[in-house]
Amino acid sequence: PGSRIFQSFILLLIVFNVALFSASTVPEGQALYKQGLDAVDIASVVIFTVEFLLRLWCCVENPRFAKRGPVAGRLLFMVQPMSVVDLLAIVPTWLRLVLPHTSAVHFSTAVRIFRIFRLFKAEKYTRAVSVFVAVVANNREVLFTTFLLGVVLFVCTSTALYYAEKDHNSAYRSIPSSMYMSLLMLTAQGVPDANTLTTAGKVVAALTCVFPVGLLPVPPRHI
């Protein structure tokens with residue numbers, strides 16, 4: 001029970017950080033709440049760092065890593081895809097604090113979005129909560145995975161559109177303001193005017209319109 005509570009706390013903190021990352025791109029929010037946003041960001045990174053170090057220390061309890069020895073086993077753990085995502089989200093922030101006048105500042109802001117991929121770990125903690133009818137409950141894993149894929153695509157395409165157009169189009173001055181157009185494209189309800197987009201923006205828009213094709217044909221399980 002204790003481990004599940006801790007994992008749930010970490011997952012909620014991840015979701016909160018993604019929301020905070022989006023809010024931090026709003027110019028008004030940067031001016032009014034910069035110190036508060038920075039404090040929450042640093043506190044979150046400290047928690048994520050401690051969590052990662054604890055998992056790194058305990059990973060050799062797993063036979064897969066233990067058979068390689070304490071050093072090689074931990075190195076193997078660090079190159080696992082989810083560990084790499086964790087490091088991408090943690091290390092740049094520490095670089096920003098240690099080297100505040102380098103390009104690490106901008107890089108650390110961008111890579112924090114990679115923490116959204118850790119939401120895939122949430123599925124096993126929500127499987128026991130089934131309050132839907134028999135059909136929905138029987139297909140909960142497929143539906144939840146589809147929902148997570150949709151969230152990942154929505155946040156990542158909004159972020160990509162923001163970085164592609166933020167210096168050229170005032171309609172995309174923040175991630176939240178880019179989310180509306182991203183949602184329209186993901187749901188095939190509309191596309192931005194090609195004449196207003198840069199080349200990078202057109203590439204992002206084209207990919208955003210194609211991504212849902214792989215999301216829709218998810219086969220349901222039979223009852």
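Helices (H or I, at least four residues) and strands (E, at least two) are DSSP runs, numbered from the N terminus. The model is predicted, and local features need pLDDT of at least 70, side-chain atom pairs count only at pLDDT 80 or more, while totals for chains, interfaces and linings use all residues. Residues are numbered from 1 along each chain as its sequence is written, and side-chain values use heavy atoms, with hydrogens and water left out.

**View 1. Aromatic pair of Phe144 and Phe147 in helix 9.** Phe144 and Phe147 are three residues apart in helix 9 (residues 140-165), and are therefore separated by about one helical turn. Four aromatic pairs are found in a search of the whole structure. In the pair of Phe144 and Phe147, the ring centres are 6.3 Å apart and the planes stand at 35°, so the pair is tilted (rings of Phe, Tyr and Trp, the last by its six-membered ring, pair if their centres lie within 6.5 Å; planes under 30 degrees apart count as stacked, over 60 as edge-to-face and the rest as tilted). Phe144 is partly exposed, with a relative accessible area of 22%, whereas Phe147 counts as exposed at 52% (buried means under 20% relative accessible area, exposed over 50%, and partly exposed in between, with a 1.4 Å probe and protein chains only).

View 2. One aromatic cluster is formed by Phe52, Phe65 and Phe77.

View 3. Glu51 and Arg55 meet through their side chains in a salt bridge, at 3.1 Å from N to O (a side-chain nitrogen of Lys or Arg within 4 Å of a carboxyl oxygen of Asp or Glu). The count by this rule comes to one salt bridge. Both Glu51 and Arg55 lie in helix 2, four residues apart, about one turn of the helix, and Glu51 is buried, with a relative accessible area of 2%.

**View 4. Nonpolar surface patch on helix 2 and helix 5.** Ile42, Val46, Val50, Leu54, Val91, Trp94, Leu95, Leu97, Val98 and Leu99 make a nonpolar surface patch of about 810 Å² (patches are made of residues with over 30% relative accessible area and no salt bridge, like charges being joined within 9 Å and nonpolar side chains of Val, Leu, Ile, Met, Phe, Trp and Tyr within 5 Å). Helix 2 and helix 5 (81-98) are the elements that give two or more residues to the nonpolar patch; helix 5 gives the most, with five residues, while Leu54 has its place in helix 2.

**View 5. The loop at Gly190.** Gly190 lies in the loop between helix 10 (175-186) and helix 11 (199-215), and counts as partly exposed at 25% relative accessibility. The C-alpha atoms of Gly190 and Cys209 are separated by 9.2 Å, the two residues being 19 residues apart along the chain.

Methods: Accessible areas come from the Shrake-Rupley method with a 1.4 Å probe; for residues, only the protein chains shown count as cover.
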